[in-house]
Amino acid sequence: MPVGGRSHIRIARPSRDLAAAERFWVEGLGLDVVWRLDAASAAPGEQGLLMVGWPDADWHLELVHEPAAPVEPRPTEEDLLVIYVDEELPQDLVARLEAHGGKRVQSPNPYWNEWGVTIEDPDGYRLVLCIRGWSNS
């Protein structure tokens, strides 16, 4: 298959705490665990790994943590994962994300403050839930 619009995308990031990340992304946002490798059962040199996503999506997040040589996450205010909800934002979803380790923050870009909600995950990466829709076509 050539590279194209149906090519699967993996977004990989370091994580300080995979259990905290799982609470946010799975229990908070509602993603599924696609794959997990517990760091305690990993072979020497392997990382703890958590892959989360929706089963019908063409992307997933891969969160990694190697206890012997952890990589500190270094997100900036502009490292965003934007999900276009295309409708009013359910406030219970925002509350659930906050209850599962998220922190609601203001964006330096006023567009995201007007059209959505920005929430930092436990590692400081930002998730924007945008009430607008989007299509590349």
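Tutor: What follows goes from the sheet to the core, then to a helix and a strand.
Tutor: This is a predicted model: local features need pLDDT of at least 70, side-chain atom pairs count only at pLDDT 80 or more, and totals for chains, interfaces and linings use all residues. Residues are numbered from 1 along each chain as its sequence is written, and side-chain values use heavy atoms, with hydrogens and water left out.

Student: What is the strand order in the open sheet of 4 strands?
Tutor: The order is E1-E4-E3-E2, with mixed pairing. Strands are DSSP runs of E, at least two residues, and helices are runs of H or I, at least four, numbered from the N terminus. Two strands pair if DSSP finds at least two bridges between them.

Student: Which strands sit at the edges?
Tutor: Strand E1 (9-14) and strand E2 (32-37), each pairing on one side only. Neighbouring strands of this sheet are turned by 20° against each other on average, direction ignored. Axes are lines fitted to C-alpha atoms, for helices over the stretch in contact, and angles run from 0 to 180 degrees between N-to-C directions.

Student: How do E1 and E4 pair?
Tutor: In the parallel sense, over 6 bridges, with E4 spanning residues 59-65. Arg 10 has His 60 in E4 as its bridge partner.

Student: And what does helix H1 lie across?
Tutor: H1 (residues 18-29) lies across E1, E2, strand E3 (48-53) and E4. H1 runs at about 5° to E3.

Student: New topic. Which residues touch the most other members of the largest nonpolar core?
Tutor: Trp 25, Leu 29, Leu 97, Leu 127 and Leu 129, out of 20 residues. A nonpolar core is a set of buried Ala, Val, Leu, Ile, Met, Phe, Trp, Tyr and Cys residues joined through side-chain atoms within 4.5 Å. Buried means under 20% relative accessible area, exposed over 50%, partly exposed in between (1.4 Å probe, protein chains only).

Student: Which element gives the most to this core?
Tutor: H1, with 5 residues.

Student: What does Leu 29 touch?
Tutor: Its contacts (heavy atoms within 4.5 Å) include Trp 54, Ile 83, Leu 93 and Leu 97, not counting residues up to four places away in sequence.

Student: Is Leu 93 buried or exposed?
Tutor: Leu 93 is buried, with a relative accessible area of 12%. Leu 93 is found in helix H2. Leu 93 and Gly 28 are 65 residues apart in sequence and 7.3 Å apart in space, C-alpha to C-alpha.

Student: Which residues of H2 are buried?
Tutor: Leu 93, Val 94 and Leu 97. Seen down the axis of H2, they fall within an arc of 100°, so they line one face of the helix. The arc is that of the directions from the helix axis to the C-beta atoms.

Student: What's on the face turned away from the buried side of H2?
Tutor: The exposed residues Asp 92 and Ala 99.

Student: Now Arg 126. Buried or exposed?
Tutor: Arg 126 is buried, with a relative accessible area of 7%. Arg 126 lies in strand E8.

Student: What does the side chain of Arg 126 join in a polar contact?
Tutor: The side chain of Glu 120, at 3.3 Å. A polar contact is a pair of N or O atoms within 3.5 Å; within protein, one must be able to donate a hydrogen and the other to accept it, and residues adjacent in sequence count only if both atoms are side-chain atoms.
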